[in-house]
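Welcome, and thanks for taking a look at this one with me. Please have your viewer ready, and let us walk through the contacts together.

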Amino acid sequence: MRHAVGPAENVENNSFAVSGLFKICTHCERLSKKDLGVRIPRPLGNGPSRFIPEKEILQVSKVDARTQAIIEDAFAALGRLDNISLVMGFHPQYLESFLRTQHYLLQMDGPLSLHYRHYIGIMAAARHQCSYLVNLHVNDFLQVGGDPKWLNGLDEAPQKLQQLGELNKILAHRPWLLTKEHIERLLKAEEHSWSLAELIHAVVLLTHYHSLASFTFGCGITPEIHCDGGHTFRPPSLSQYCVCDIANGNGHANHHDDLLGNQEVCGEVEVLMERMKQLQECRDDEEASQEEMATRFEREKTESMLVVTAEDEECVPSRDISRHFEDPSYGYKDFSRRGEHVPTFRVQDYSWEDHGFSLVNRLYPDVGQMLDEKFQMAYNLTYNTMATHKDVDTSMLRRAIWNYIHCMFGIRYDDYDYGEINQLLDRSFKIYIKTMVCSPEKTTKRMYESFWRQFQHSEKVHVNLLLMEARMQAELLYALRAITRYMT
Amino acid sequence: MEKMSRVTTALSSNAISGRTMFCHLDAPANAISVCRDATQVVVAGRNIFKIYALEEEQFVEKLNLRVGRKPSLNFSCADVMWHQMEENLLATAATNGAVVTWNLGKPSRNKQDQLFTEHKRTVNKVCFHPTEVYMLLSGSQDGFMKCFDLRKKESVSTFSGQSESVRDVQFSMKDYFTFAASFENGNVQLWDIRRPDRYERMFTAHTGPVFCCDWHPDDRGWLATGGRDKMVKVWDMTTNRAKEIYCVQTIASVARVKWRPERKFHLATCSMMVDHNIYVWDIRRPFIPFATFEEHKDVTTGIVWRHQHDPHFLLSGSKDSTLYQHMFKDATRPVDKANPEGLCFGLFGDLAFAAKESLISSDANRKPYPGGDRRYPIFFFKKPDQTEQFAHVSSALSVFETDLDSNRMDWFVKTAQLYLLSGKPFAELCDHNAKVARELKRPQVSTTWTMLRIMFSDPANLTTPGPNHNLSKLGTLPLMNSFSMKEMGSGMGTESRLERSKGESRQDNIHLEPGNMHISNNNEENEETEGSEGQAEYMFGDAELDDDDLYSMEHDNQTEEQEYTLPQEAFQLRHEIMDNPSAPEHLQQDKADSPHVSGNEAEVTCLTPIESFSLISISQPLFSPHLPASFFCPIVREMLSYYAEQGDVQMAVSVLIVLGDRIRKEIDDLTQEHWYMSYIDLLQRFELWNVSNEVIKLSTCSAITCLNQASTTLHINCSNCKRPMSNKGWICDRCHQCASVCAVCHHVVKGLFVWCQGCSHGGHLEHIMNWLKSSTHCPAGCGHLCEYT
């Protein structure tokens, strides 16, 4: 299971003293004697995700041939298999598409140089205080020869990247405010100006990492073992287990929380399915008037505002991360706040399939195609199951989730009845979505556990994929529309 | 209504007229459609739904169909179509999934007639049947197509594409029952409206969505499709399998495609993104639009030909909120601006040239480029069309391939392998190399070699005037040389030879009988010993020795000695020349004697050797026969630099080696070293290890020759303790034992050690050799049957 071996560090502290403190099985003893004087870091988390018990996540040694090939490819390309990929491994089809896109964005032909790409990734992840992604890319950034000085903060980075800060900020939190003037400012800044192709690349990277940050928090991805917060050298305090047991996840897994909610919410799935069925049937009978439809969207919009992220624990960004972005107070403000009126984004006027794709593919060939496949993969992914039920058409539910996220960004589908959302998504689920999409750093394990309690973890990860892609597309749509407007 | 009918009658005389004109709309248009008699146009969009009358000079707003205080989404149109039979009937596709029909004959303000809300997603397209009044077809994002009978409240049949969203539906113009549907996943399906259960035919037309399709108005089999992959394709549907017959590559995704009336091969396209122009293509000429309309400032969303039988008027609506009528005569013709001729160099020096066929048809030698890519048509021929002003187009592409030998690096490899740099008399080397160059079709290089021979050869040769004689004489040279060489290599000591060459001065040579070939040849030989050739010859001798093992072994010590003394000799040789002060003086004198022109002539020789060859040969008698070789040194130096600058460092180095001391002093060591290094690098890249080694060996730069000395160490281990022997090759530091003891004399072998690969016993080369002459068994007594070969 353990795939990444932490960097061995030489320390003066001899291992005999350590081994005296707790029990060590003979195998480990042999090992530690062999690596005399080398302290082996121990992972802090149990498995790749804090929310999902490790034993549920796929075991690298037990996957089918196809997944195996995907994982091997990923390992060959990056030299690691990160926790994100492991969690996504629930859905190998999607994982393949995701990794291909990410690999292309970071490693293959593109207008931006390699260290720029990683730095942009850092900038984007830092916007959401996602230390996991930041750490990952700080390493990569240094590896491709990036200047360590830049990591001291955006001020130390080149002017060109500093200018991207504004776009990053708006895109991450209030993309609807993006105008062609923002684009113009980036493209016409004399020697620091961006080219259109570079900008598209940067925008795709930014949106990719914003949404990936959502996923990271949404699934409670634990830090990589070689990153800060991912390991410790302190011996575990429990004496009945050897180090290796804990490292292999044989430690005390939390079984108790599964039992907790089962009784009170049994039948949740059935209710949901019943509703879906009803909606399907009575659609023709109960014909909502056009005005009614329009107001439903508005209502959903305003309501999404009222869904307050429950836990308001003020998490202060760690200094390490905060230096990568400025203006930390700038966060998601509800789209439909009273006072400022931003026109609704009609997807029929600017859609990814018709417009966004063409623009991206024109300026950054092949990426349009990859993103298109990835969106479609995420949107259409289904196993026709819901919890324990089989042969369920989940398209309605998936569409509701997708459209609800777009709704939070003020994107409206003319042909969608937003009343459905209210029927299908319950409050705790809405809270989770809202938190994850708008301020992912506030996602907690409780939120993760409180929605859809009967569903399997793989299904929750599926939801996360939907959220991530929907968010990415929403951001992209706004950014690309601004660019299109600039171009015309 | 009265007004309308009046206009209709006016037009019935078939006199559509107008000019390029436009009007501002209040909002971006999504689609436009024109009524059958071409007098009115309807514009539909998210926030607009209006009918404009087309008058002579302007658009006049006739009717606003968007009524009501708070217009519903039913007015938000993705598409609109005006019925071609019933002039009061319109249909729109709403973004919310509704299909709406409008009856202009209604007396009330709201003209909405029927509302079908059967589609679950946005309806992308509506289409009336061309001849049937009540039949309407719709295609939606939800993947369904529905056929409505307008006399009924709901659809009569539903067609499921079984794939993704429907982007376009079009009734066939000629086949009553057939319609085509294009899909987001790249497929096109053909349906029979009587059979809603299954499509008749399906094929993949594009990668990515097919945004539009259009049946040819006259030819029943042709269907044009346009997709996100930036292509317009024309399919022949008459055959069993849909066959792509034409393909036009545009610069942006194709949003609409419309055949031009009355012109079989013309169609108009507009794009979905980025590109705002409307293009009219002649599908037989897919690389350049026939005509372009560039009026719009934002993407064009709808195009329609104003009248079914009039090819001169095109109407278009755009996101920039304008409605245009384009006159064909006002269109831009990109052909006029296109380059009539094209010329381009290929990577390997091939030259492609395209021009009007008439211009180059007279050239008999031209032949079409063989095996060219089909996408680049070699000939494009279009029949002159009397009705159009489209220029007669037929052009030819010629590709001139440069000679393989001269544009590839083959010549480099061949030259490197064939050049002789040493081992023969100077003149012969030059001639050989000249011949090599000539055979590789490098006349300039070849001539340069010949020039060099003339410049630096024995002045005695000059007494036999004329180059012809030289050549004939050269034919006999090899024999003589091989003879003299053998004589020197084996018998003559170098010292004595030196003495000889020293003793014979140039003046002496001249006094020799010119007729006596043998002597003159000998002189030449001597002359060469003054230069680097002497040294080079010895090198050659060494090589011979190395090759023949037996030989080297017999004269073990002597050969070694010779090897080591050689460099000294070379030094001496060099000193000899340096000691001779007469040459520079001669040069001075000669310079004074000969006019400056001669120098210039010679300089010209370097650059354009072919022309000046004759000049030189004629001018030779002008020079005094005493003209020393060093006179040419500055010129040769320039010549070498010239070649090196040209990138032909091979030539520079080869000449440098062949000329040896004649030129070496003229060029500073750094430059020489630089040339050597570059050449050696090149040779090694071409894996010409032997040549590269020869060059290294022949070079006189210390920095180069030492290349050969690098990593020549052979590490051996002690035969007793298996540890590496660091200090000496024959005694081990650790176990203090002599590692290699001769099996015959039991003494330590300090020189050549030979051992049997079978039993690994061995010893002094001579001892083993002698032993095995008399015995077949191993001298160590191990019983192995050793063999010495």
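Is R228(B) buried or exposed? R228(B) is buried, since its relative accessible area is 5%, which is under the 20% cut-off for that class. Please keep in mind that this is a predicted model.

## R228(B) and its neighbours

Let us start with where this arginine sits. R228(B) belongs to chain B, in the loop between β19 (222–227) and β20 (231–236). Its side chain reaches across to chain A: the backbone oxygen of E353(A) is 2.8 Å away, and a polar contact of 2.9 Å joins the side chain of R228(B) to that of D372(A). Leaving aside residues up to four places away in sequence, R228(B) touches E353(A), F357(A), S358(A) and D372(A) in chain A, along with G208(B), P209(B), F211(B) and S253(B) in chain B.

S358(A) is placed in helix α16 of chain A, which covers residues 352–363. S358(A) is buried as well, because its relative accessible area is 9%, under the 20% cut-off. Beyond residues up to four places away in sequence, S358(A) touches R228(B), S253(B) and M273(B).

## The interface between the chains

Now for the wider view. The contact takes 25 residues from chain A and 28 residues from chain B. Together the two chains bury about 2400 Å², with 48% of that area on carbon and sulfur atoms. Within the part that chain B buries against chain A, R46(B), R228(B) and M273(B) supply 28%, more than any other three residues.

What about charges and polar pairs? The count between chain B and chain A is 12 residue pairs in polar contact, both residues being at pLDDT 80 or more. Five salt bridges are found across the interface. In one pair, D354(A) forms a salt bridge with R167(B), and the closest N and O atoms are 2.5 Å apart. On the side of chain B that touches chain A, the residues divide into 11 charged, 10 polar and seven nonpolar.

## Salt bridges within chain B

Over all chains, the structure holds 30 salt bridges. K50(B) takes part in a pair with D26(B), at 2.3 Å from N to O. This pair links distant parts of the chain: K50(B) is in strand β4 (residues 49–54), while D26(B) is in the loop between β1 (21–24) and β2 (31–34), 24 residues apart. E61(B) lies in strand β5 (residues 59–64), 11 residues apart from K50(B), and is partly exposed, with a relative accessible area of 40%.

Which parts of chain B does the pair of D79(B) and R256(B) tie together? Their side chains meet in a salt bridge of 4.0 Å, N to O. D79(B) lies in strand β6 (residues 77–82) and R256(B) in strand β22 (residues 254–259), so the pair ties together parts that are 177 residues apart in sequence. Both D79(B) and R256(B) are buried. Elsewhere, salt bridges that share partners join R346(A), D349(A), D414(A) and R46(B) into one network.

## Chain B as a whole

Chain B has 24 helices and 34 strands. Of its 789 residues, 49% count as buried. Its accessible surface comes to about 39400 Å², and 53% of that belongs to carbon and sulfur atoms. Among the contacts in chain B with a separation of 6 or more, 50% come from residues 24 or more positions apart.

## Two backbone angles to check

Most residues other than glycine have a negative phi. Q129(A) has a positive value, near 55°. Q129(A) lies in the loop between α6 (114–127) and α7 (131–143) of chain A and is buried, with a relative accessible area of 18%.

S321(B) also has a positive phi, near 65°. This serine lies in the loop between β27 (310–318) and β28 (322–327) of chain B. S321(B) is buried, at a relative accessible area of 14%.

Terms used. Residues are numbered from 1 along each chain as its sequence is written. Chains are lettered from A and ligands numbered from 1 in the order in which they are written. This is a predicted model: local features need pLDDT of at least 70, side-chain atom pairs count only at pLDDT 80 or more; totals for chains, interfaces and linings use all residues. Side-chain values use heavy atoms; hydrogens and water are left out. Helices (H or I, at least four residues) and strands (E, at least two) are DSSP runs, numbered from the N terminus. Buried means under 20% relative accessible area, exposed over 50%, partly exposed in between (1.4 Å probe, protein chains only). Contact means heavy atoms within 4.5 Å. A polar contact is a pair of N or O atoms within 3.5 Å; within protein, one must be able to donate a hydrogen and the other to accept it, and residues adjacent in sequence count only if both atoms are side-chain atoms. Buried area is the accessible area (1.4 Å probe) that two parts lose on being put together, summed over both. Ala, Val, Leu, Ile, Met, Phe, Trp, Tyr, Cys and Pro count as nonpolar, Asp, Glu, Lys and Arg as charged, and the others, Gly among them, as polar. Accessible areas come from the Shrake-Rupley method with a 1.4 Å probe; for residues, only the protein chains shown count as cover.
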